[in-house]
Amino acid sequence: MLHEIMTRRSVRAYLPKPVSRADIELVLQAGALAPSSKNRQPWHFTATFGAAKEEALAAMNQGLEEEIRRPLLPESAQYLGGAKRTLAIMRQAPAVIFVTNPLGLDPRQILTTDQRIFELCNAQSLGACLENMTLQATALGLGSLWICDVYFAYDALCGWLGSQGTLAAAMALGYAAETPPSRPRKPLAELVEWKE
């Protein structure tokens, strides 16, 4: 597994080659096998390709346009251009998987301490799920991109997805048309404090 961890890349260019349903199912199975807080398994997957993917991306485009007019994330407006570039990447990828949290609370809701901890635990579980998915994709020779820019189109995408829960992330999936170099990582000496 260390090989997949070391060779996994965030892929932003894809070949026009379809991904088999069997491979998508393996990626989803890897996500579903992730550890989760209290075994809550706070994930639901909507795997899209073809016409359904185009519908989802049209909803995302609509949401991005709405974000310009009435922002949900006004303090993040500087990243909206990046979200539009991400939409172009999602259009190019043969498959896009939307991951929702059926246990999630509305992100605009003011949370009690208990609710905040519940949400943090679920967020950690969803991170493990998405990481498993990217590693399985790498093991299958697929490229993937873990996408958080969907938050700029949160309401529009949640409307398209229906009552599957709160939107957690999306993942573009396909055969890579690029080989991005590894990005620099901080050395362990800067990250670890040893106590005995």
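Reader: Which strands does helix H5 lie across, and how is its angle to E2 read?

Author: Axes are lines fitted to C-alpha atoms, for helices over the stretch in contact (heavy atoms within 4.5 Å). Angles run from 0 to 180 degrees between N-to-C directions. Helices (H or I, at least four residues) and strands (E, at least two) are DSSP runs, numbered from the N terminus. Here, helix H5 (residues 113–139) lies across E1, E2, E3 and E4, at about 160 degrees to E2. This is a predicted model, where local features need pLDDT of at least 70, side-chain atom pairs count only at pLDDT 80 or more, and totals for chains, interfaces and linings use all residues. Residues are numbered from 1 along each chain as its sequence is written, and side-chain values use heavy atoms, leaving out hydrogens and water.

Reader: Thanks! What is the order of the strands in the open sheet?

Author: Two strands pair if DSSP finds at least two bridges between them. In this open sheet of four strands, the order is E1-E2-E4-E3, with antiparallel pairing. Strands E1 (44–49) and E3 (143–147) are at the edges with a single partner strand each, so one side of each has no neighbour in the sheet. Direction ignored, neighbouring strands are turned by 20 degrees against each other on average.

Reader: How many bridges join E2 to E4?

Author: Seven bridges join strand E2 (residues 95–101) to the antiparallel strand E4 (residues 166–174). Threonine 100 stands opposite leucine 167 in E4. Helix H2 (residues 21–32) also packs on the sheet, where E1, E2 and E4 are touched by H2.
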